[in-house]
Amino acid sequence: MAKQYSQNLLVVLLLVTAITILNLPSISATTSNQEVDALVETLVRKGGFTIWAKLFANSKTRPVLPRKATLFVPTDAALSHLRYATDMDPYLIPYHITPQHHLLFSDLCHLKPLSLLPTLVPSKTILITSTLSSNYMVDNSLITHPNLYLSPHISVHGINRILDLHPQRSKMPPLLRVGEVLGAANTLAAA
């Protein structure tokens, strides 16, 4: 009887473990609502980013953030011409989010000019236009508040303009993908 009980317990434990392992990607694939709420609270508390905070707080405009991401958040002055969330391009918020990379300002400073950051908008990228720490620009928008919000998974940098969703990149020199640049930087640092 004890042997049958042990076998049943083992089967139950294996089943629970398998279910947990199978559900791990869905559990960790997105940022928790608590972390997004903390981000919103920080944007309001810091001041100058309340419009973006309201967009994140609104269930209709709140994006689903990946587990790791870097956000470029425009100031209220940059967004002041938008009267309502309905005035916005639906891709505006996702275009300001770089998935798969949790980039501190110091990480950004290691990137080369003309590097590309992926966005949540398929086939759209953000261009690193200047890498001077005092004049760091993404898509010609100045990072005015580096490391505005940091968590183990999310980095937020304040910028002075809305990023242009429809840039003309056809006449530019060959560009570097951020993963390639970061990989090369890590290889050089290890050497």
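Trainee: Leaving aside neighbours within four places in sequence, which residues is T42 in contact with?

Mentor: This is a predicted model: local features need pLDDT of at least 70, side-chain atom pairs count only at pLDDT 80 or more, and totals for chains, interfaces and linings use all residues. Residues are numbered from 1 along each chain as its sequence is written, and side-chain values use heavy atoms, leaving out hydrogens and water. Contact means heavy atoms within 4.5 Å. With those sequence neighbours set aside, T42 touches L148 and Y149.

Trainee: Is T42 buried or exposed?

Mentor: T42 sits in helix α2; helices are DSSP runs (H or I, at least four residues), strands likewise (E, at least two), numbered from the N terminus. Buried means under 20% relative accessible area, exposed over 50%, partly exposed in between (1.4 Å probe, protein chains only). T42 has 7%, so call it buried.

Trainee: Where do the buried residues of α3 lie around the helix?

Mentor: Helix α3 covers residues 50-57, and W52, A53, L55 and F56 are buried there. Looking down the axis, they fall within an arc of 160° (taken from the directions from the axis to the C-beta atoms), so they line one face of the helix.

Trainee: Which residues of the largest nonpolar core touch the most other members?

Mentor: A nonpolar core is a set of buried Ala, Val, Leu, Ile, Met, Phe, Trp, Tyr and Cys residues joined through side-chain atoms within 4.5 Å. Of the 24 residues in the largest one, the top touchers are L39, L43, W52, F56, L65, L71 and V156.
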